[in-house]
Amino acid sequence: MIPILTAQQIRDADQYTIGHEPITSINLMERASRAFVRKFSTLVPGGSRIMIFCGTGNNGGDGLVIARVLIQQAHDVSIFVVGSMERATEDFKVNFERLSVLTGIHQVANEDQIPNIPGNAVVIDGLFGSGLSRPVSGLFANVIDQINKSGAEVYAIDISSGLYPDQPLSEGAVVEATHTISFQTPKLIFFLPEMRKYVGQWHVVDIGLDEPFIQSCETDAFFTQARDIALPSRSTFDHKGSAGRLLLIAGSKGKMGAATLSARAAMRSGCGLLYIHTPCCGLNILQVNVPEAMVIEDEHTEVITEVMPADNVDVLAMGPGIGTNSLTQKALADLILHTSEPMVLDADALNILALNPELLNALPPESILTPHPGEFARLVGAWRSDFEKLEKLRWLAKTYQLNVVLKGAYSAVCSSRGYLYFNPTGNPGMATAGSGDVLTGIVAALLAQGMAPFDALRAGVYLHGQAGDEAAINVGEISLMASDLIEYLPAAFKKLHF
Ligand SMILES: NC(=O)C1=CN([C@@H]2O[C@H](COP(=O)(O)OP(=O)(O)OC[C@H]3O[C@@H](n4cnc5c(N)ncnc54)[C@H](OP(=O)(O)O)[C@@H]3O)[C@@H](O)[C@H]2O)[C@@H](O)CC1
Ligand SMILES: Nc1ncnc2c1ncn2[C@@H]1O[C@H](COP(=O)(O)OP(=O)(O)O)[C@@H](O)[C@H]1O
Ligand SMILES: [K+]
């Protein structure tokens, strides 16, 4: 996993590397800027007119090195330095001298000196990086305004000028980048929907900062990598009863598709034995669509009214397609009160929890909740910013000792101790009805196979996204539908078995 660092920790990692590698600060700047150019060159067509805007801090220093390297590669580059040279950092000054030998550098000291930026230009933003210390105003804000109005493609160095790596949006001007090429580790803001307009598509380039130091930084947020994902395994004498017995409580009249999707996903995720508790109307549907499962009929024709906690199953999962009928609310409440092992709750089970919040206290510790943002808002109330949303996620998980995934792009998986793991897999093709039901089946099956609840949740979210990515390659994001996720689950599992 990649730790997500605060602005201060990023500075510390720079300093530690400079002190211990050893590498001089100016050479680290050279290395970072060259890594930027390597990525930039894969994204920008040759022959583009490149305009680089630099402040006089180290982010601007990077801009000057990038200019030098691009000029040496025969690109058409103009450089604009905004702000006072008196405040320039040492590394900026050295690179200013080196660049002056090669080309003219425009100084922008007032509004009249702000250049016209054609829409077909490519802008590189080196005004401010992780050293931003206050909202951007005055001349800098005017430059940013021109950049944003130009319609040009904008590549931010490290982070868009005006953004803090780890804090909510400031009131000042902010560059709206189309791409951010960031150094060493992703910033927290890259995972927040409200920041997308400023961050654009982001890329992380390795600049060789000290890896053990980075791994030792104390942080409560991480970016998951494939190597963090554990999977269940089979051994020679396993039989269906030892490979995970799951009771899935799902479906109501008109929503048997949700039950079908969850059930099939569970079987594809290695569940040994699957029971499905469903209203009578679901019997034939499930027997035909999931022949591997045993179906237990509720007394009621259309909704779930009573679930007996069974001792012949390892895990209970409830929610997909159950509705919020008062009889079903009572059934869930009874089930929770009679269950002591971690269970999986999704969809309408979460809506029922929101209607009866006292049930949260009764949930078995380490249970798993899988809300999408709508269900999450019903559970914890509305939020004013994505930062507050993450705080609420941590609060819910820690207060009730739960593992919770807040689903969406970069789904945030939160452990009961409040550690957040952003998921790297998945794509917008998965924004389609039934995708969440598939996730429930995967996570429940992994839990039933004996994985620890948090590991099962993090792995399930990763595999679900990976199946989505495999499906998108084959059917395209637009055509992707939830059943495709099940079809591509085997490919996702195989990919993790290196
Ligand atoms: N060796 C290294 O460390 C490496 C660093 N690297 C690069 O350095 C970047 C960080 O550089 P940095 O720390 O110099 O800060 P930076 O973002 O350039 O800005 C600071 C300057 O801006 C000023 N300022 C701030 N806010 C302002 C405002 N609102 N309006 C006006 N002025 C404002 C601030 O002034 P002050 O707050 O002191 O008044 C100061 O002068 C990092 O993102 C990466 O690109 C890489 O090369 C790898 C090696
Ligand atoms: N833009 C996206 N990028 C990545 N994953 C997405 C995106 N949109 C949706 N998903 C994933 O698809 C699933 C949708 O779940 P949910 O909203 O509960 O669907 P449903 O209720 O229809 O089953 C979640 O796992 C979510 O992470
Ligand atoms: K920048």
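Which handedness does the crossing of α16 and α18 have? The crossing of α16 and α18 is right-handed, where a crossing counts as right-handed if the near helix is turned clockwise from the far one by less than a right angle, and as left-handed if anticlockwise.

The model described here is predicted, so that local features need pLDDT of at least 70 and side-chain atom pairs count only at pLDDT 80 or more, while totals for chains, interfaces and linings use all residues. Residues are numbered from 1 along each chain as its sequence is written, and chains are lettered from A and ligands numbered from 1 in the order in which they are written. Helices (H or I, at least four residues) and strands (E, at least two) are DSSP runs, numbered from the N terminus.

**Helix pairs**

Two packed helices are described by the angle between their axes and the distance between the axes. Axes are lines fitted to C-alpha atoms, for helices over the stretch in contact, and angles run from 0 to 180 degrees between N-to-C directions.

| Helix pair | Crossing angle | Axis distance |
|---|---|---|
| α16 (residues 453–475) and α18 (residues 489–496) | about 115° | 8 Å |
| α3 (residues 58–72) and α4 (residues 90–100) | roughly 20° | within 8 Å |

Helix α3 is therefore roughly parallel to α4, whereas α16 and α18 are roughly perpendicular to each other; angles under 35 degrees count as roughly parallel, over 145 as roughly antiparallel, 65 to 115 as roughly perpendicular and the rest as oblique. The crossing of α3 and α4 is left-handed.

Residues are in contact if their C-beta atoms, placed from the backbone, lie within 7 Å. On the α16 side, Leu463, Gln466, Ala467 and Glu470 meet Leu489, Ala491, Ala492, Phe493 and Lys495 of α18, and this contact comprises six nonpolar, one polar and two charged residues. Ala, Val, Leu, Ile, Met, Phe, Trp, Tyr, Cys and Pro count as nonpolar, Asp, Glu, Lys and Arg as charged, and the others, Gly among them, as polar. In the other pair, the α3 residues in contact include Leu64 and Arg68, and those of α4 include Phe92 and Asn95; the residues of this contact divide into six nonpolar, four polar and three charged.

**The sheet and its surroundings**

Seven strands make up an open sheet with parallel pairing, in the order β4-β3-β2-β5-β6-β7-β8, two strands being paired if DSSP finds at least two bridges between them. Because β4 (106–108) and β8 (201–205) stand at the edges with a single partner strand each, one side of each is left without a neighbour in the sheet. Neighbouring strands of the sheet are turned by 20° against each other on average, direction ignored. Within it, β2 (residues 49–54) pairs with β3 (residues 76–82) over six bridges, and Met51 stands opposite Ser78 in β3. Helix α5 (residues 138–150) lies across β2, β3, β4, β5 (122–126) and β6 (153–157), and runs at about 150° to β3.

**Annotations and local backbone**

An unreviewed UniProt entry assigns "domain: YjeF N-terminal" to residues 10–215, and over residues 10–215 the chain is 38% helix and 17% strand. UniProt, again in an unreviewed entry, lists Asn59, Asp125 and Ser161 under "binding site"; although spread over 103 residues of sequence, they cluster in space, with a largest C-alpha distance of 9.3 Å. UniProt positions follow the numbering used here, feature names are shortened, and annotations may be inferred rather than shown by experiment. Asn59 lies in helix α3.

Most residues other than glycine have a negative phi, and most peptide bonds are trans. The peptide bond from Glu21 to Pro22 is cis, with omega near -5°, and Pro22 lies in the loop between α1 (7–20) and α2 (25–43). Glu366, in the loop between α12 (358–362) and β15 (368–369), has a positive phi near 75°.

Note on methods: Two residues are in contact if their C-beta atoms, placed from the backbone, lie within 7 Å.
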